[in-house]
Amino acid sequence: MDDNVIVTHDLTKVYKMGLVEVHALCGVSLEIKRGEVVAIMGASGSGKSTLMNTLGCLDQPTSGEYILDGEIVADLDDDQLADIRNRKVGFVFQSFNLLPRSTALSNVELPLRYSGITSGRKEKARLALESVGLSDRIDHRPAELSGGQQQRVAIARALVNDPAIIMADEPTGNLDSKVGQEIMDLLLNLNKESGTTLIIITHDRKIAAQAQRIIRLHDGRIRKEVAA
Amino acid sequence: MNIWRAVIEALESLNGNKMRSGLTMLGIVIGVGAVIAMLALGAGAQDTILGSLSGIGTNLLFVFSGGEDESIRNPEPLTMGDVDALDDSFFAPSIQAVAPVLQGNAEVSHGGEVSTVTLTGITPAYFPVRNYTVIEGEEITEEHILGRASVILLGVEVADTLFGRRFGLIGETVRVEGQPFRVIGILEERGGGMMGSQDNEVLVPFSTAQARILRRSPADRVDVIFVQAVDADSVLEAEEEISQIISQRHRNAIGENDFTIFSQQDMVDTASSITGILTTFIGGIAAISLLVGGIGIMNIMLVSVTERTREIGLRKALGARKRDILIQFLTESSLLSLVGGIIGIFLGWAIGAIVGLISANSGTDFDPIVSLGAVLLATIFSTVIGLFFGIYPANRAANLVPVEALRYE
């Protein structure tokens, strides 16, 4: 197996806003090793959301190469992208994005449903919730959980399909610093135990400092990479 | 994602917004209810009318004086001569029996009670030809005819009006246009007919009516000739024979008959086509409300898609393909209309039952019929409407770009 889970070469992304072309990414080349913890930082408008969307296969780059876990992502159609996201990427969002009417267990089960697994889904989802320390909350709905607990459910959901990478977009942004740190500890622990690559998009220096490497973006380019 | 799971999820989501789901469904409920009720009433009306027509008597033909349209001038009236000519098994082998009739309105009284009834002068052949029987007493016989006897048979409604009872009336005297008649029998109840109740009728001997009540000119004139064919298969041949015999007697030019032959089948056909047209017409109007209900579903599904943009984005981020989202929303819209349709079927059935009750109370025998076909049609149609009007919103949801959908506030 290749050592690098993510390899990009000269990624660009151009949005057309009427007549104006906005260059969100201007030739981003990077490599992320399997099991690595990487923070992506940058001011708003620096292109870090675009980079996250591209690396998370939510969007295709305008040009450039992207290989995720040995699969060439460019040229895939919408449904193939959906399949890659399902199998290889676990998302953790700033605002949790749980389905409000579903229980914690069904929320975690959701990616399994789309991956066509028919048996043992509940069991897998239960295990994932256990690994984030919520085995006693599986039948609760999001409204009955605290912010930290909701984010744990979201992390369990990201983990449940054994993805190659976890994409965390400001995972602590909606939490107070104490709970935020707990979530960070949980993410780092999971990374240590299972070796899942963790990519954190953040503008919080304290959070970024806990990564092994920080990639700073500025105007759609990588300004510098520093070991944290 | 299997269908069962999709259905459960759709139910959860519809359940999450009960008021809205209910109101959306109401459109379909009313539409399907109206269609079912209209079809049921139509089928019931058809049944009632056809039932009363078949009560007229099978293998029956009516012969009237006068052409089918205005082109025939001065038609020669039908006479007893025509009747005798038809009642000839050599020239008219397909004819079983011939019953000439004089018919008019007359005032019948007994004691202080007066009633205006249909008075029919008949020959004995009338009873088998028209399927008439008596519940008490005797029928009119050849002797009564020959003797111009002042005897009368009463329909049950007449008996009810004049005497307040239906039995023990034999030998009573009633007055018809002031002349005394002896009651010799009571007719069996026949129910409603096309031209009013058939029970508000009295029968007297043909010769008596001719001589004393319904005087016609020429004197041997006949109003209607009822003809019974040998069997159902020979009705057409009987019609042919009647046409030939009478046109010959009346010296009609070819194609210019001054009389009209009407068969029971003609009446049935006319009645079926009229009720059929009515049912289609009213059902069509009801179907429009079903269409409006479908547009309501589309409207609400569009709102739902917009409202749940973030959810759709999330599902896509987690790996939902276009198909998954499409199925999710189509399941919701078709469930809405299917459930609405089922409730609508019960509503329509209830409307039909209520109309049936009301008409039963007002004395008309009328049973609305909710047929299995109508139920199937309504169910399938409402589900198809849900699918059809769900396609556009579902497609819109399925084609959302995940990045933008996730960012949507």
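Reply: Start with the lining of the largest cavity, whose residues divide into 3 nonpolar, 4 polar and 7 charged. Here Ala, Val, Leu, Ile, Met, Phe, Trp, Tyr, Cys and Pro count as nonpolar, Asp, Glu, Lys and Arg as charged, and the others, Gly among them, as polar.

The model is predicted: local features need pLDDT of at least 70, side-chain atom pairs count only at pLDDT 80 or more, and totals for chains, interfaces and linings use all residues. Residues are numbered from 1 along each chain as its sequence is written, chains are lettered from A and ligands numbered from 1 in the order in which they are written, and side-chain values use heavy atoms, with hydrogens and water left out.

Rolling a probe the size of a water molecule over the atoms shows where empty space is left. A cavity is a set of points, on a 1 Å grid over the protein atoms alone, where a 1.4 Å probe fits but cannot get out; lining residues have an atom within 4 Å of a point. Points are joined across faces, edges and corners, and a volume is the space filled by probe spheres set on them.

The whole structure has 2 cavities of 30 Å³ or more. The largest holds about 130 Å³ of space. Its lining has 14 residues, and A:Leu99, A:Arg101, A:Ser102, B:Glu9 and B:Arg315 are the closest to its centre. Two or more lining residues come from each of helix H3 (104-114) of chain A, helix H1 (3-15) of chain B and helix H10 (309-317) of chain B. Helices (H or I, at least four residues) and strands (E, at least two) are DSSP runs, numbered from the N terminus.

H1(B) has 13 residues and reaches 18 Å from its first C-alpha to its last, close to the expected 18 Å, which is 1.5 Å times one less than the number of residues. B:Glu9 is among the buried residues of H1(B), as are B:Arg5 and B:Leu14. Buried means under 20% relative accessible area, exposed over 50%, and partly exposed in between (1.4 Å probe, protein chains only).

The second largest cavity has a volume of about 70 Å³. Its lining includes A:Arg85, A:Phe91, A:Arg157 and B:Leu318. Helix H2 (78-88), strand S6 (89-92) and helix H5 (147-159) of chain A each supply at least two lining residues, and S6(A) gives the largest share, 3 residues. This second lining divides into 6 nonpolar, 3 polar and 2 charged residues.

Notes: On a 1 Å grid over the protein atoms alone, a cavity is a set of points where a 1.4 Å probe fits but cannot get out, and a pocket is an open set with protein on both sides within 12 Å along at least five of seven lines; lining residues have an atom within 4 Å of a point.
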